[in-house]
Amino acid sequence: MTRQHFDATTPYRQLLFSMKRLRAVEETIAERYLEWKMRCPVHLSTGQEAVSAGIGKVLERTDFCVSGHRAHTHYLSKGGSLKRMLAEIYGKRTGCSSGKGGSMHLIDESVGFKGSTAIVGGTIPVGVGLGLSIALAKTKQISCVFLGDGAVEEGVFYEAVNFAVLKKLPVLFLCENNFYSVYSPLKVRQPEGRQIHEMVAGLGVRTDCGDGNDVFEVFSKCQLAVNDIRAGNGPAFLEFATYRWREHCGPNYDNDIGYRSEEEFQTWKFKDPIANAEAFLLESGLITSSEINEFDKAIAIEIHEAFEFAEASPFPEPQEAFRDLYWEVKT
Ligand SMILES: Cc1ncc(C[n+]2csc(CCOP(=O)(O)OP(=O)(O)O)c2C)c(N)n1
Ligand SMILES: [Mg+2]
C-alpha cells in the first residue's frame with residue numbers, strides 16, 4: 001500500500017481496529033457455526049471489511065442505513081450491538097430482532113439501522129424512502145443503502161435511483177462489488193467491459209469508484225460523498241471493488257466447486273485489507289506491534305463475552321411469535 005501523504009483527519013488506527021474486529025467476529029462465527037447452535041444461514045463478509053469500516057467512521061449514529069443478506073459488518077459498523085447481533089443469529093429473545101429474524105434480518109432503530117432483508121434489492125427503495133423522510137424533516141441526516149453488484153441488476157434499483165436523483169434526496173448508494181452473485185461472475189451477467197459506476201452515472205447521480213480493499217481510500221471517498229450529500233447536493237453512488245473469501249452462504253471455503261479458481265482467490269487474498277493496512281501503519285510508525293496485540297486482546301474479550309451472552313440468553317416463548325410485528329394478529 002503506497003500513500004503520498006498523511007492526512008491528520010484520517011482515523012488510521014480506528015480504521016484498522018474496526019476491520020480487525022469485524023474480521024474476528026465473522027471468523028468466530030465461521031468457527032463456531034459447526035457447533036450447530038447458530039441455525040440460520042450466514043453470509044459472511046470476511047475479506048470485505050474495509051468498506052464497512054470506512055463508511056462506519058463517516059456515518060453518524062443518527063444517519064439511517066439499510067442492507068441485504070450480507071449485513072453483519074454493516075450493522076456493527078453503524079454502531080449495532082455485537083451482543084444483540086449474535087443473540088439474533090442464535091435465535092434468542094435478546095437478539096436485535098427479538099430472535100425472529102436471524103442473520104439476514106437485522107434491525108436496530110436505536111442506531112439508525114432500519115433493516116436488512118434477503119430479497120436482493122428489496123431494501124433499496126426503503127433506503128430511498130428514508131431519504132425522502134429526511135428531506136421532508138429537513139434534518140442533516142443521510143440514508144445509506146448498502147448493495148452488492150448483483151442488486152444493481154434488479155429493476156427496482158433504477159426506479160429508486162431515478163427517484164432519489166429527481167428529488168435530490170440525501171442518499172448514499174454504497175455498492176460492494178465482489179464480482180459475484182452467488183456462483184455467477186459478472187462476466188456471465190453483464191456485457192464485457194462495463195463499469196457499474198459508469199452505467200449508473202447515466203441516471204444522473206454523482207458516482208465514484210475505488211479500491212474496496214484500501215480502507216483509507218474507502219474512508220476518504222465516503223467522507224467526500226457524505227459531506228456533499230449533507231451539503232444538499234443530492235444522492236451519490238460509490239462502487240468499491242472487493243472480494244469475499246468464504247463461500248456465498250455458510251462458514252466454509254468453496255474454491256474447489258468450480259465457479260472460481262484458487263488462483264483468483266489467492267490474488268485477492270494477497271490484497272487482504274487488514275494485512276495491508278497493518279503493514280502501512282507499522283512502516284509509517286503510526287502503530288507498534290504491541291499496540292496491535294492489545295487490539296487483538298480487546299477484540300477477543302469482547303467477542304468471547306458476546307458469545308456467552310448469546311448462548312446464555314433464552315429463546316423467545318411461542319406466545320411471543322407475533323409480538324413486535326408491524327401488524328396485529330386477531331385471534
Ligand atoms: C430477488 C432475489 N433474487 C435472487 C435471490 C437469490 N440470491 C441471494 S443472494 C444473491 C446474490 C446477490 O449478489 P450481490 O448483490 O452481489 O451480493 P453478494 O452476495 O455478492 O454480497 C442472490 C442472487 C434473492 N435472494 N432475491
Ligand atoms: Mg456480489
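Me: What does arginine 246 touch, not counting residues up to four places away in sequence?
Reply: Arginine 246 touches Glu27, Ala30, Leu44, Thr46, Pro251, Asn252, Tyr253 and Arg260. Contact means heavy atoms within 4.5 Å. This is a predicted model, in which local features need pLDDT of at least 70 and side-chain atom pairs count only at pLDDT 80 or more, while totals for chains, interfaces and linings use all residues. Residues are numbered from 1 along each chain as its sequence is written, and side-chain values use heavy atoms, with hydrogens and water left out.

Me: Why does arginine 246 count as buried?
Reply: Buried means under 20% relative accessible area (over 50% is exposed, in between is partly exposed; 1.4 Å probe, protein chains only). Arginine 246 has 12% relative accessibility, so this residue counts as buried.

Me: What makes the pairing of arginine 246 with glutamate 27 a polar contact?
Reply: A polar contact is a pair of N or O atoms within 3.5 Å; within protein, one must be able to donate a hydrogen and the other to accept it, and residues adjacent in sequence count only if both atoms are side-chain atoms. The side chains of arginine 246 and glutamate 27 make such a contact at 2.7 Å.

Me: Where does arginine 246 lie?
Reply: In the loop between β8 (236–241) and α9 (262–270). Helices (H or I, at least four residues) and strands (E, at least two) are DSSP runs, numbered from the N terminus. The chain has eleven helices and eight strands.

Me: Which residues come nearest to ligand 1?
Reply: His69, Arg70, Ala118, Gly150 and Asn178, out of 15 residues around the ligand. A residue is near a molecule or strand if one of its heavy atoms lies within 4 Å of it.

Me: Which atoms of alanine 118 and asparagine 178 lie by ligand 1?
Reply: For alanine 118, a backbone N or O atom lies 2.8 Å from a nitrogen atom of the ligand. For asparagine 178, a side-chain N or O atom is 2.9 Å from a ligand oxygen atom. Taken alone, ligand 1 exposes 580 Å², and the protein buries 72% of that. Accessible areas come from the Shrake-Rupley method with a 1.4 Å probe; for residues, only the protein chains shown count as cover.

Me: Why does the radius of gyration of the chain agree with a compact globule?
Reply: The globule rule is 2.2 Å times the number of residues to the power 0.38, with the radius taken over C-alpha atoms. For 331 residues a compact globule would have a radius near 20 Å, and the chain has 19 Å, which agrees. Buried residues make up 51% of the chain.

Notes
Chains are lettered from A and ligands numbered from 1 in the order in which they are written.
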